[in-house]
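Visitor: Could you take me on a close look at one part of this protein, the surroundings of a single aromatic residue? I'd enjoy a connected tour.

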Amino acid sequence: MEWWEERNTRGKNDFERMLHMLSNQQLKEFQQQLQQTKQELEERLNDSGNYDLRRSMEDSTGELSSYDNHPGDEGTELYEREKDLALSEHDRDEIRDIERALSAIEAGGYGKCEVCSKEIPLERLKAIPTTTYCVEHTLSQETSHNRPVEEEVLGPPFGRFDYDDRHESVAYDAEDSWQDVASYGTSESPSDFVNPPNDYEDMYVESEENVGYVENYENFVGVDLYGKEVTVYPNSQYEELKEELFEENIQTPFGDLPRYEHDPYVDEEKD
């Protein structure tokens, strides 16, 4: 490139840069706007008592304690508290961005991107006076793919510690652990169940599930080491099962047994 072409090119770039540079009057207007917005936000936080977050949950609801209340009884109060937390956090984030922009004005760097140092268009500054980034480097474009570490073990319903779907698995899993804990009491009430349990000690999911065995008959039927010599040991579960089958007029919980001789619960493939 010849020297006169380089001079013309440099002069053109300098001219375009001057067109984007903010004048002292524009800087002053942005500074006044930012200071006014900051004052309004601080007054709102102060007048609202930080959205009433300075008071405890018990003070705002008039309750002495929330310990013995069902979560559904305080659903509205909990929603309002969460909303106040979100509004307070939003205002504080806005104040932080304003202070960042005011610091940039004092340092002489307002209107330039913090990443690439390019001039931020005046139209963008008018729309978002608090911004210190150009469109290409705005933080809102960064999508975080980080997930809470709890999701690795607390996926629905019990993550990778749920063994119910495994073939013939009777291992003690996360569901069994939860049932043991829930047996000591939960916040559930009869209204939380489609078929309410008869006893308040059974106010947890699948409280009727057998412990130590799967089918009811396993509690009173035994076999030898080779799965033969079936023996019935009458007990209370045995008597209850007989009564249930008698009332339903069936031979087994699975229905009546077929009249021909073969395993009644397994259909072998025919050749």
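Guide: Happy to! Let's start at Y110, which has a relative accessible area of 6% and is therefore buried, the cut-off being under 20%. Please keep in mind that this is a predicted model.

Y110 has an aromatic partner, F30, one of 2 aromatic pairs counted here. The two ring centres are 5.7 Å apart and the planes meet at 55°, so this pair is tilted. F30 sits in helix α2, while Y110 is in the loop between α5 and α6. The pair thus links distant parts of the chain, 80 residues apart. F30, too, counts as buried, because its relative accessibility is 6%.

Now widen the view to the largest nonpolar core, a group of 15 residues. Y110 is among the residues with the most contacts inside this core, together with L34 and L125. Helices α2 (24-47) and α5 (75-107) are the elements that give two or more residues to it, and α5 provides the largest share, 6 residues. In general, nonpolar side chains in soluble globular proteins tend to be buried together.

L125 brings us back to our pair: leaving aside residues up to four places away in sequence, L125 touches both F30 and Y110, along with L22, G111, I120 and T131.

Finally, follow α5 itself. This helix has 33 residues and spans 48 Å from first C-alpha to last, close to the 48 Å expected at 1.5 Å a residue. Its buried residues include I95, I98, L102 and I105, but also R81 and D84. After α5 comes G108, with a positive phi near 80°.

Definitions and conventions
Residues are numbered from 1 along each chain as its sequence is written. This is a predicted model: local features need pLDDT of at least 70, side-chain atom pairs count only at pLDDT 80 or more; totals for chains, interfaces and linings use all residues. Side-chain values use heavy atoms; hydrogens and water are left out. A nonpolar core is a set of buried Ala, Val, Leu, Ile, Met, Phe, Trp, Tyr and Cys residues joined through side-chain atoms within 4.5 Å. Buried means under 20% relative accessible area, exposed over 50%, partly exposed in between (1.4 Å probe, protein chains only). Helices (H or I, at least four residues) and strands (E, at least two) are DSSP runs, numbered from the N terminus. Contact means heavy atoms within 4.5 Å. The expected span of a helix is 1.5 Å times one less than its number of residues. Rings of Phe, Tyr and Trp (its six-membered ring) pair if their centres lie within 6.5 Å; planes under 30 degrees apart count as stacked, over 60 as edge-to-face and the rest as tilted.
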